[in-house]
Amino acid sequence: MTQFYGLPVLTFPQASSPVPLPDDPASVAWRMESNLYAGNEALKDYWDRFTGAVPLEEVRALIFGATWYDEDGVPDEVIDMLVELSPRLTALEALFLGDVHFEECEISWMGQSDLAPLLEAYPRLRELGVRGGKDLGFPVLRHEGLRTLRFETGGLPARVTRNVAASDLPSLEYLELWLGDEYYGCDTTMEDLRPLLTGERLPSLRHLGLQNSQFQDEIAAAVAHAPVVPRLASLRLSMGLLDDEGAAALLNGQPLTHLRFLDLHHHYLGDAMMLRVWDALEPAGVRVDLTAQEEGDYLDEDREESIRYIAVAE
């Protein structure tokens, strides 16, 4: 990540490679990354040095990357540290857990943690992003502060989806769920998502992403008649197995011309259906992303059978 919460990202330097720190700690999103395999200092020493060098009461945004979050990481320890320091991190508004790319760790291997203590400790947190779904927990709660909630996973557990849907999040404006592949932990079903589509517990929701799914057509068909859609400004149904059937359901459902943005990138639409979508929406001012048109991979030269893939799985 180079930008987070509208701020440039600054990785807190290692002791062996000191750089001048900004005069205003609120002007950057602070990224915690310590590559132990490259001989960097121990995680605790690194964190203690950060908490001693930076006025925590002025920090607005924090990011944790490798090796805090990978298959050998310590996500529970990160939660404990943040909870312990909540009396000092009084200005913290945005947090991202797991800013790790695939060369450091596959997304399906990344360990996460129960987020309940964190959300309880930071009632004024406005943005929370999480990458990786392994061992992830989200409580049923009422949180007045959250405006943005993102789960980037190769397999989102149903327990997380259900608890998000059952929570009262009156200020939430942006919700994005990468559902993933059942082989990598997604047991979320359409029935788990339906409460979100009513919008009853999300009165401020304006941006919804239900994406990276193997049942993207089914999601599109449900969204086509969902009560929450008329008040959305943007809708993301991208990264999954959306094909002509799902796109036709969208076009035949309720009007979408009020949207500012419809994200359908990484899809399996034919050329004719892509033109139908553009012709139906772009003249009304809707920006439609139909990039990354996929065709599937053939099993072998003799069998004309293709396999379709979501964008992010392992």
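This is a predicted model: local features need pLDDT of at least 70, side-chain atom pairs count only at pLDDT 80 or more; totals for chains, interfaces and linings use all residues.
The structure contains 15 salt bridges. Side chains of opposite charge can pair when their charged atoms come close. In one of these bridges, arginine 31 meets glutamate 33 at 3.0 Å, N to O. Arginine 31 has a relative accessible area of 9% and is buried, whereas glutamate 33, at 24% relative accessibility, is partly exposed. Both residues belong to a network of salt bridges that also links Asp99, Arg131, Arg150, Glu152 and Glu176.

A salt bridge also joins the side chains of arginine 49 and glutamate 41, at 2.5 Å from N to O. Here arginine 49 is partly exposed, with a relative accessible area of 26%, while glutamate 41 counts as buried at 17% relative accessibility. Aspartate 168 and arginine 201 form a further salt bridge, with an N to O distance of 2.8 Å. Aspartate 168 is located in the loop between helix 4 (158-166) and strand 8 (174-180), and arginine 201 in the loop between helix 5 (190-198) and strand 9 (207-213), so this pair ties together parts that are 33 residues apart in sequence. Aspartate 168 is partly exposed, at 27% relative accessibility, and arginine 201 is partly exposed at 39%.

Eleven aromatic pairs are present in the structure. In the pair of tyrosine 183 and tyrosine 184, the ring centres are 4.9 Å apart and the planes stand at 85 degrees; the pair is therefore edge-to-face, since planes over 60 degrees apart fall in that class. Tyrosine 183 is exposed, with a relative accessible area of 66%, and tyrosine 184 is partly exposed at 27% relative accessibility. One aromatic cluster is formed by Phe12, Trp30, Tyr46, Trp47, Phe50, Phe64 and Trp68.

On the surface, a patch of negative charge gathers Asp76, Glu77, Asp80, Glu84, Asp114 and Asp135. Of these residues, aspartate 135 lies in the loop between strand 6 (127-131) and strand 7 (148-152). Aspartate 135 has a relative accessible area of 54% and is exposed. A nonpolar surface patch consists of Leu299, Ile307 and Tyr309, which together have about 250 Å² of accessible area.

Leucine 281 is found in helix 8 (residues 271-281) and counts as buried, at 4% relative accessibility. Between leucine 281 and leucine 62 there are 219 residues of separation in sequence and 38 Å in space, C-alpha to C-alpha.

Methods
Residues are numbered from 1 along each chain as its sequence is written. Side-chain values use heavy atoms; hydrogens and water are left out. Patches are made of residues with over 30% relative accessible area and no salt bridge: like charges are joined within 9 Å, nonpolar side chains (Val, Leu, Ile, Met, Phe, Trp, Tyr) within 5 Å. Accessible areas come from the Shrake-Rupley method with a 1.4 Å probe; for residues, only the protein chains shown count as cover. A salt bridge is a side-chain nitrogen of Lys or Arg within 4 Å of a carboxyl oxygen of Asp or Glu. Lys and Arg count as positive and Asp and Glu as negative; His and the chain ends are not counted. The place of a charge is taken as NZ of Lys, CZ of Arg, CG of Asp or CD of Glu. Helices (H or I, at least four residues) and strands (E, at least two) are DSSP runs, numbered from the N terminus. Buried means under 20% relative accessible area, exposed over 50%, partly exposed in between (1.4 Å probe, protein chains only). Rings of Phe, Tyr and Trp (its six-membered ring) pair if their centres lie within 6.5 Å; planes under 30 degrees apart count as stacked, over 60 as edge-to-face and the rest as tilted.
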